[in-house]
Amino acid sequence: MAISEFVKSADFKNEKHVPVIECPSGLKKGEFCDVVVTVGKDIPHPNTTEHFINWIALYFKPAEGNVYNLGRAEFLAHGESAKGANQGPAYTNPVACFKVKLDEPGKLVAVSYCNIHGLWESEVEVKF
């Protein structure tokens with residue numbers, strides 16, 4: 001069984017687990033830009049001790065060639081405390097910014113992991 005069989009996707013406006021990729025519309029070849037990936041953009045994800053987004057990874061797949069791992073962000077504070085679940089002083093929100101420079105067209109692919117609902121992905125086309 002391939003890992004791709006476990007990865008889910010949907011419209012982020014109807015599903016809180018789908019990573020949303022935002023990059024500038026005027027993306028220019030060979031120039032750094034900020035790519036922001038958010039989970040729970042339109043429908044907030046709870047991010048509690050019991051139910052949280054653990055990480056987001058961003059990949060680039062050029063029109064031809066191998067996939068490149070651009071980065072990964074982990075979200076490790078979900079209200080854990082010796083006082084009990086959701087009693088801690090710190091929480092994280094699953095939003096990550098990656099500064100990237102691309103020299104070829106292709107696809108940006110984001111993958112996120114929910115501790116209960118598994119792997120989710122989305123992609124955007126990169127054109128110059």
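**Packing and strands**

Modeller: Leaving out residues up to four places away in sequence, Leu-102 touches Leu-27, Lys-28, Lys-29, Gly-30, Phe-60, Leu-108, Val-126 and Phe-128. The model is a predicted one, and every contact discussed here is computed from it.

Leu-102 belongs to the largest nonpolar core, which has 20 residues. Val-35, Val-37, Leu-58, Leu-102 and Leu-108 are the members with the most contacts inside this core. Strands β2, β3, β5 and β6 each contribute at least two residues to it. In soluble globular proteins, nonpolar side chains tend to be buried together.

There is also a second, separate core, made of 5 residues, with Trp-55, Ala-57, Val-109 and Leu-119 among them. The partner is Tyr-113, and the two rings are stacked, with 6.1 Å from centre to centre and 15° between the planes. Trp-55 lies in strand β3 (residues 53-62) and Tyr-113 in strand β6 (residues 106-114), so the pair ties together parts that are 58 residues apart in sequence. Tyr-113 has a relative accessible area of 29% and is partly exposed. Trp-55 has a further neighbour at its ring: the charged end of Arg-72 sits over it, 4.2 Å from the ring centre.

β3 and β6 are part of an open sheet of 4 strands, ordered β4-β3-β6-β7 and paired in the antiparallel sense. β4 and β7 (118-126) are at the edges with a single partner strand each, so one side of each is left without a neighbour in the sheet. Neighbouring strands of this sheet are turned by 15° against each other on average, with direction ignored.

Going across the sheet, β3 and β4 are paired through 6 antiparallel bridges.

The link from β6 to β7 is a hairpin through 3 residues. Ile-116 is in the loop between these two strands. Apart from neighbours within four places in sequence, Ile-116 is in contact with Glu-50 and His-51. The C-alpha atom of Ile-116 is 17 Å from that of Ala-10, although the two residues are 106 residues apart along the chain.

A further open sheet has 3 strands in the order β1-β2-β5, likewise with antiparallel pairing. β1 (19-22) and β5 are its edge strands, and each pairs on one side only. From one strand to the next, the twist averages 25°. β2 and β5 are paired over 7 antiparallel bridges, and Val-37 stands opposite Ala-96 in β5. Val-37 is also among the residues with the most contacts inside the largest core, to which both β2 and β5 contribute.

Most residues other than glycine have a negative phi. Asn-47 has a positive value, with phi near 50°, and is located in the loop between β2 (32-39) and β3. Its relative accessibility is 6%, so Asn-47 counts as buried. Asn-86 also has a positive phi, near 60°. This residue is in the loop between β4 (68-74) and β5 (95-101). Asn-86 is partly exposed, at a relative accessible area of 26%.

Notes. Residues are numbered from 1 along each chain as its sequence is written. This is a predicted model: local features need pLDDT of at least 70, side-chain atom pairs count only at pLDDT 80 or more; totals for chains, interfaces and linings use all residues. Side-chain values use heavy atoms; hydrogens and water are left out. Rings of Phe, Tyr and Trp (its six-membered ring) pair if their centres lie within 6.5 Å; planes under 30 degrees apart count as stacked, over 60 as edge-to-face and the rest as tilted. Buried means under 20% relative accessible area, exposed over 50%, partly exposed in between (1.4 Å probe, protein chains only). A charge sits over a ring if NZ of Lys or CZ of Arg is within 6 Å of the ring centre and within 35 degrees of the ring normal. A nonpolar core is a set of buried Ala, Val, Leu, Ile, Met, Phe, Trp, Tyr and Cys residues joined through side-chain atoms within 4.5 Å. Contact means heavy atoms within 4.5 Å. Two strands pair if DSSP finds at least two bridges between them. Axes are lines fitted to C-alpha atoms, for helices over the stretch in contact, and angles run from 0 to 180 degrees between N-to-C directions.
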